[in-house]
Amino acid sequence: MANIHLKTALDYIKRSPFQALAATFVLSLTFFVATLVSILVYSSSQLLSYFETRPQVIAFLKDNATESQIAELSGRLSSDTRIKEVKYVSKEEALAIYKKATSDNPLLGELVSPTIFPASLEFSVNDLTFAQGIIDEVKNETVVDSVGFTAALGGEESLQDVVGRLRTITTYVRFGGGIFTGILALASFMILLIIISMRIAMRREEVEILNLIGATRKFIRSPIILETLIYSTVGVMIGWTIAFIMVLYSAPGLLSYFGDVPVLPRDTLSLLIIFGVVLGVEFVFGIILSLSGSLLAISRVRRAR
Amino acid sequence: MVKFKDVTKKFGNVVALEKVSFEVEKGEFVFITGPSGAGKTTILKLILGEILPDGGGVSVNGVSVGDLSASEIPFYRQGIGTVFQDFKVLPERTVRENVEVALAVIGLSQDEWDGRVKHVLKLVGLEKQIDLFPRQLSGGELQRTSLARALVVNPKILLADEPTGNLDWETSDSIMQIFEKIHKEGKTVIMATHNEEIIKKYKKRVIHLVGGRMNNGKHSS
């Protein structure tokens, strides 16, 4: 049974190739942009998450802090759900870090002894909004001498600025991408609606004959719905494939440019999983788009009669 | 099998049928005749459930057509074969596909299509034209295609609305012979026609309509 509907749908596509091309083109464009926006949203989220959760807070310990006091504070910090990756850095390790940082000038390293570096507890926060509260709490600890942010981004304020800006950009990407994709989806929907309405008008005589010989509504609608499903499936496949190839092609350059920042997964499997999820969601969206477009067109034509 | 009881149908102020009553028995061949506008096609449309009566009732095999819901109508029509004056074949489909579509509509398994299609095309004499498109067929062949599509679903009733209206006498006669053959196989045939020569040659019961009313004097022949 499906064969006759599929054959009818394919016949109608063949009979009006330019309408079919228009529908496929606009759907491909929609799903191409949707795929890129999805990846952009993923990358910006990763970027934001990276800066929000990288090691940030260093609690410098007093020289007289005992091992048990340090262990007790470390344990409390580790059990705090706002905090992750608590790491104890001893005086010796601090010296080693300093020597490594000044390796291009070994004399600087030789001039210092471990005793001048304080031991510290380093940790990151799960969300930057927790940072100030945690810092204030840790500052009040008896074994803590002072608290600071890692200097990688230039200190506490600049890190918050960067994260703030990233948040704004991420929001823009999400909303802007969503709105742009939405406009394209609406254009696709309208084009599908127009093409299917034209199809139904062209098929008026055929529908009348089918009605007279006892065809059910489902029988009459099936080729129309199948036709839109073909458009959306082909549109998803073309749009997604082009976007996938583009991202695959540019991934090495992007990863190298962003360095440690995981804007894209480094292993192929994870990348494939992300694209697989996007493909699945686009297929579902394509089915919804084509079903709603064709059913609305059918109901409009029925009302017009 | 088919029962009209005091059926009245109006289109606006125009009375198409007025208190028409008749019965057609199973296996009967009946002509509905009368001049243009007499109500012949209206009777067929009422049987097919295309329109509903304004008064009275139409029942087919004990089922009141007016009581059928919109979703029941297609299944009801699947038991009725219909042949039209203007053939109503699908222009973009071959003869085979035009007949197959009726089988697809009733949901018959595709394995059975080929045998049924060939059998019915042989019955109407269109075996050689099986893969031709309607534009490649003559009027008579188009009517045979329409007839084959109506017959392939093995309907209980065959309705024909002026099936020879667009055909010359020879072709009309050959089409009528097929109807006669089908009737002899036990099918109920209700044919609307104003072709007096056919009515005279094929002596069947005649329901004569004039201005939407039955002319009792010419009720049967």
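I'll start with one pair of residues: Val60(B) stands opposite Val63(B) in strand E5(B). Keep in mind that this is a predicted model.

That pair belongs to the end of a sheet. Strand E4 of chain B, residues 55–60, is joined to E5(B) by 2 bridges, and the two run antiparallel. The sheet in chain B is open and has 4 strands, in the order E2-E1-E4-E5, with antiparallel pairing. Why do E2 and E5 of chain B each have one side without a neighbour in the sheet? Because strand E2, residues 14–24, and strand E5, residues 63–64, stand at the edges, each with a single partner strand. Helix H1 of chain B, residues 40–48, packs on the sheet and touches E1, E2 and E4. The direction of H1 makes about 115° with that of E1(B).

Now the interface. Chain B puts 22 residues into the contact and chain A puts in 19 residues. About 1800 Å² is buried between the two chains, with 64% of that from carbon and sulfur atoms. On the chain B side, Lys88(B), Arg93(B) and Val105(B) lose the most area to chain A, together 28% of what that side buries.

Lys88(B) also forms a salt bridge with Glu208(A), with the closest N and O atoms 3.3 Å apart. Across the interface there are 4 salt bridges, and 6 residue pairs are in polar contact.

Which helix gives the largest share of the side of chain B that touches chain A? That is H3(B), with 5 residues. By class, that side of chain B has 11 nonpolar, 4 polar and 7 charged residues.

Terms used: Residues numbered from 1 in each chain as written. Chains lettered and ligands numbered in written order. Predicted model: local features only at pLDDT ≥ 70, side-chain atom pairs only at ≥ 80, totals over all residues. Heavy atoms only, no water. Pairing = 2+ DSSP bridges. Contact = heavy atoms within 4.5 Å. Axes fitted to C-alpha atoms, helices over the stretch in contact; angles between N-to-C directions. Buried area = accessible area lost by both parts, 1.4 Å probe. Salt bridge = Lys/Arg side-chain N within 4 Å of Asp/Glu carboxyl O. Polar contact = N/O pair within 3.5 Å; in protein donor to acceptor, adjacent residues only side chain to side chain. Nonpolar A, V, L, I, M, F, W, Y, C, P; charged D, E, K, R; others polar.
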